[in-house]
Amino acid sequence: MSEEIKKGLLGIVVDETTVSHVVPELSALTYRGYKVQDLCDKCEFEEVAYLVLHGELPSKKQLNKFIREERSNRKLSKTIIKNIQQMPKNAHPMDVVRTCVSLMSLEDKDTKDNSQKSNMQKALRIFAQTPTAVAAYFRTRKGKKIISPSKKLSFSENFFKMMFNKIPDKEIVRAFDISLILYAEHSFNVSTFTARTITSSLSDLHGAITGAIASLKGPLHGGANEAVMHMMKEIGKPEKAKSWIENALAKKKVIMGFGHRVYRTGDSRVPTMKHYMFKVAKLLNKNKYPKIYEILEREMLSKKNIHPNVDFPCGPTYYMMGIDIDFYTPIFVMSRITGWSAHIMEQHASNKLIRPLSKYKGEQVREVMLLNQR
Ligand SMILES: CC(C)(COP(=O)(O)OP(=O)(O)OC[C@H]1O[C@@H](n2cnc3c(N)ncnc32)[C@H](O)[C@@H]1OP(=O)(O)O)[C@@H](O)C(=O)NCCC(=O)NCCS
């Protein structure tokens, strides 16, 4: 048997999927065959969430039913709310959201049921409740009263309402909605692969999503949107951006929000998100970050030929919206639950235990010495 090692599973095709695809010739990412750029132009986030979960865009009737169900499942149990209120105020919100999904598994009547029907219902409940948990911790940490979800507001509007007790300009809400559309799904990235690996032992959807959240937290994956904003804040002003990046590259630092395992000539989601980031900056009259953005992008391209990924425009967009930096990856979770769930259902429908091999480089077989001989 060949023992060639492919560290990071680089270039290895491990399974089939119908959920999403990166089409290099079109410079596009597709969800269920639809270009994400087109979905951003023509759909609300809820339609895309339905598409990712169910495989087809919804009819009006299907969408209304989906929205009704999502809205009526938004409330968290008193136990989970109480847990959130007792969590340390300095916890990372990703750890909070991961714990909350784990807590949801204790209460869900279908946790153990891996049938397609139950998985879809559980996915919907986690999808509906996670923003409530994120916003509840956001407010609790600031010593503010938790705001209950509304049944009358869209997914994004309701999130703003629960976070800030007000809904911003509709263009701002649209920019947020766009970020959710762009974050919904991205084939076999590390968190999705984690979810599929957990599922492959015939474990359940709550467990797989909990594990996926832990995986998304890392700065080489979802955590990059937070790291981008820390970097931009450290740079501080556009005049400092060029020397900052020259210095960082001279020190061989990894620049957050740049590079991608799959896209080598640019992340197809970036032009759309960049457009909305610049729009938000204009609306809010905050032009510092677009300027820093342009300089970093230009320098990375000219010096390293490395393009930005979607986290690069997302970080400052959320910052300008007034969201605390450590909440950016939990927002990513709120959307990616749809992609993870679709993959978990796909894995359950055609499962094979994921169990790779390793090349052993430890000690050769040796004798165990008794304790008094060691
Ligand atoms: C995403 C990422 C992990 C992809 O990694 P990968 O596929 O393993 O690519 P590699 O790390 O092999 O990168 C190839 C080369 O580009 C360089 N490179 C890649 N991304 C870089 C970055 N963000 N900053 C500086 N150099 C970078 C690497 O140092 C490497 O250079 P070398 O060949 O001289 O050693 C990597 O680009 C990265 O760490 N980016 C920053 C984190 C980030 O934004 N993550 C979100 C992804 S959506």
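## Overall fold

Take the contacts in the chain between residues at least 6 apart in sequence: 75% of them join residues at least 24 apart. Two residues count as in contact here if their C-beta atoms, placed from the backbone, lie within 7 Å. What you're looking at is a predicted model, where local features need pLDDT of at least 70, side-chain atom pairs count only at pLDDT 80 or more, and totals for chains, interfaces and linings use all residues. Residue numbers start from 1 along each chain, as its sequence is written.

The chain has 16 helices and three strands; these are DSSP runs numbered from the N terminus, with helices being H or I of at least four residues and strands being E of at least two. Along its principal axes, the C-alpha trace spans about 70 × 55 × 50 Å. A compact globule of 374 residues would have a radius of gyration near 21 Å, and the chain agrees with that at 22 Å. That radius is taken over C-alpha atoms, and the globule rule is 2.2 Å times the number of residues to the power 0.38.

## Two domains

An automatic or database domain assignment supplies the domain bounds: domain 1 covers 16-218 + 327-349, and domain 2 covers 224-320. Their centres, taken over C-alpha atoms, sit 25 Å apart. Where they touch, domain 1 brings 18 residues and domain 2 brings 17 residues.

On the domain 1 side of that contact, β2 (28-31), α1 (36-42), α8 (170-183) and α16 (328-349) each supply at least two residues. The largest share, six residues, comes from α8. This side divides into twelve nonpolar, four polar and two charged residues.

## The inside

Of the 374 residues, 44% count as buried. Buried means that 20 or more other C-beta atoms lie within 10 Å of a residue's own; with 12 or fewer a residue is exposed, and in between it's partly exposed (C-beta atoms are placed from the backbone). The largest nonpolar core has 98 residues, and Val 48, Val 52, Val 97, Ala 133, Ile 181 and Ile 209 have the most contacts inside it. Such a core is a set of buried Ala, Val, Leu, Ile, Met, Phe, Trp, Tyr and Cys residues joined through C-beta atoms within 7 Å. Helix α6 (residues 116-141) gives the most to this core, with eleven residues.

Helix α2 (residues 45-54) is largely enclosed by the rest of the structure, because eight of its ten residues are buried. Val 48 is among the buried ones. Not counting residues up to four places away in sequence, Val 48 touches Tyr 31, Leu 39, Cys 43, Ile 181 and Ala 184. Just after α2, Gly 55 takes a positive phi of about 100 degrees.

## A loop residue

Asn 73 is in the loop between α3 (60-72) and α4 (78-86). With 17 other C-beta atoms within 10 Å, Asn 73 is partly exposed. Leaving out residues up to four places away in sequence, Asn 73 touches Leu 124, Arg 125, Ala 128 and Gln 129.

## Around the ligand

The ligand is surrounded by 15 residues, and the closest are Ala 224, Ile 255, Phe 258, Gly 259 and Arg 261. The shell divides into seven nonpolar, five polar and three charged residues.

Methods
Near = placed C-beta within 6 Å. Nonpolar A, V, L, I, M, F, W, Y, C, P; charged D, E, K, R; others polar.
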